[in-house]
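This report describes a protein model together with its ligand. Please keep the sequence and the structure in view while reading.

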Amino acid sequence: MIRKVKGTRDILPPASRLWVEVEAVAHRVFSGFGYEEIRLPLLEPTELFVRSVGEDTDIVGKEMYTFADRKGRSLTLRPEGTAGVARAFIENGLGQRPQPLRLSYMGPMFRYEKMQRGRYRQFSQIGIEILGAATPLADVEVIAALHSFLASLGFDDLVIVLNNLGDPEDRQRFIDVLKIELAPHRDELCSDCRRRWDTNPLRILDCKVPRCRELIVETTPVAEVVSDEARRHVDEVEVGLASLDMPVRRAPRLVRGLDYYLRTVFEVISPQLGEDTVICGGGRYDRLISDLGGARVPGTGFAIGEDRLVEVLPEAFRRRVLERPVVAVLPLGAEAAATGLGLTRSLADRGISAPTEVTGRSLKAGLKWAGKIGARAAVIVGESELADGEVIIRDLDRGEQERVKLPQVPEYVTRLVDSDGQS
Ligand code: HAM
């Protein structure tokens, strides 16, 4: 037997309905804020991520699915979406369009991560990016859109944590301070951090090794070292967010695992899943497009981990989606089959799932099948009723049945199904 690759998942029905519905809500909410979908390749030149996410990040250093294609070019399965958006912005001259440009995306990302709860090697993100707006208001907008989306799914307990990384110039000052403070303990740092000391000291703050963590909490937070302008920016974001009822908490040591961020960074955590299960991460990246060779175009956005989101969906949303009513159409005989499929079609037009029995089962076996698929009712299309232009609709919950004229079937079934929703 061939098995799936470790860290990938088969998302089977009916659980897949949750994904479809979550994505539908995302499209609806984000398009309401003016975001349009951009569909990008899963494969990109490796260099794109090295230059954007950063050479000494965990993602680029140890987690990328990188390989040489048949001509020896180094390609990578995208580990995240922002770098591809920036590349596409430059390559397609999207700076020519009315600014700011609001883009959304969803789809699989790939990271070779250690296996643990809520973490996969192929996972899906839903993200939005706004390009061409440097204002704090743009940060507030993306978080407001995020908040609307999560509220539409019924979340009310998620916490947003916010930090200020300052500008790249502040970063050097911060690194100097960090190194002075950590210098007496340099030998106690893990081997990765001793390497990061020279290559990318900011990443030391990301280290999960307990001793490193102990040393890090003693250091000055980056937000205390930033310029007045950067401080004002994130303070204004915080004020803007205060007008939303999304609980915001400052997290002075939040740095995020990607190098392109500056000023605003944020994450959304689920108290239910624990502090380290981050459902969503985002922030501002005003130098990314210029670092990749484009114009000086600021950007800000976020990506939600869809796998984790689906795992913690509020019960009411989950129930509404999973308990979607089904009606079984049971045609008896060849002549009835066409009528049966016709009924399926008109019920489907009303948003009711009404599969037709197509294997030629007897009425008894057909009703058994209807029970197994959880059908609320069975529409029995028998030859003799059909001769009178009627079918039998059996209410499988109550065990009652009635003859209904063919043109009235969609109306009748809709009423039956709706009456459940109201009770
Ligand atoms: P990120 O924090 O690396 O940010 O990923 C965003 C979200 O993707 C995480 O919060 C998490 O929920 C989910 N995620 C990441 N890795 C995994 C995994 N192995 N398994 C399951 N879920 C995972 C970014 O990717 C940035 N591009 C976000 C962004 C957009 N910043 C600005 N714009």
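Which residues line the largest cavity? The answer follows after a note on the model.

## Basis of the report

The model is predicted, and local features need pLDDT of at least 70, side-chain atom pairs count only at pLDDT 80 or more, and totals for chains, interfaces and linings use all residues. Residues are numbered from 1 along each chain as its sequence is written, and side-chain values use heavy atoms, with hydrogens and water left out.

## The cavity

The largest cavity is lined by L40, P41, E44, F49, R78, E80, G81 and G84. A cavity here is a set of points, on a 1 Å grid over the protein atoms alone, where a 1.4 Å probe fits but cannot get out; lining residues have an atom within 4 Å of a point. Searching the whole structure for cavities of 30 Å³ or more gives one.

The volume of the largest cavity is about 40 Å³, a volume being the space filled by probe spheres set on the points, with grid points joined across faces, edges and corners. Its lining divides into three nonpolar, two polar and three charged residues. In this scheme Ala, Val, Leu, Ile, Met, Phe, Trp, Tyr, Cys and Pro count as nonpolar, Asp, Glu, Lys and Arg as charged, and the others, Gly among them, as polar.

## The ligand and its shell

The ligand is surrounded by 27 residues, of which E80, E113, Y120, Y261 and V278 are the closest; a residue belongs here if one of its heavy atoms lies within 4 Å of the molecule. By class, the shell around the ligand contains twelve nonpolar, eight polar and seven charged residues. Strands β6 (122–131), β10 (274–284) and β11 (299–305) each supply at least two residues of this shell, and β10 gives the most, with six residues. Strands (E, at least two residues) and helices (H or I, at least four) are DSSP runs, numbered from the N terminus.

A polar side-chain atom of E129 is 2.8 Å from a ligand nitrogen atom, and a polar backbone atom of G301 is 3.4 Å from a nitrogen atom of the ligand. A backbone N or O atom of V278 lies 2.7 Å from an oxygen atom of the ligand. The ligand taken alone exposes 660 Å², and the protein buries 96% of that; these areas come from the Shrake-Rupley method with a 1.4 Å probe.

## The second largest pocket

The second largest pocket holds about 360 Å³ of space. Its lining has 21 residues, and S52, R171, D259, Y260 and D291 are the closest to its centre. A pocket is an open set of points with protein on both sides within 12 Å along at least five of seven lines.

Helices α2 (46–52), α6 (168–182) and α10 (288–291) each supply at least two residues of this lining. The largest share, three residues, comes from α6. The lining of the second largest pocket consists of ten nonpolar, four polar and seven charged residues.

## Buried residues in strands

I128 is placed in strand β6 and is buried, with a relative accessible area of 0%. Buried means under 20% relative accessible area, exposed over 50%, and partly exposed in between (1.4 Å probe, protein chains only).

D395 is found in strand β14 (residues 390–395). At a relative accessible area of 7%, D395 is buried. Its side chain makes a polar contact with the side chain of R398 at 2.9 Å; within protein, such a contact is a pair of N or O atoms within 3.5 Å, one able to donate a hydrogen and the other to accept it, and residues adjacent in sequence count only if both atoms are side-chain atoms.

## Backbone geometry

Most residues other than glycine have a negative phi, and most peptide bonds are trans. The peptide bond from P13 to P14 is cis, with omega near 5 degrees, and P14 lies in the segment before α1 (15–32). The bond from Q99 to P100 is also cis, with omega near 0 degrees; P100 belongs to the loop between α4 (82–91) and β5 (101–110).

Two arginines have positive phi values. Phi of R256 is near 70 degrees; this residue is in the loop between β8 (248–250) and β9 (262–270) and counts as buried at 11% relative accessibility. Phi of R263 is near 55 degrees. R263 is part of strand β9 and is buried, with 11% relative accessibility.
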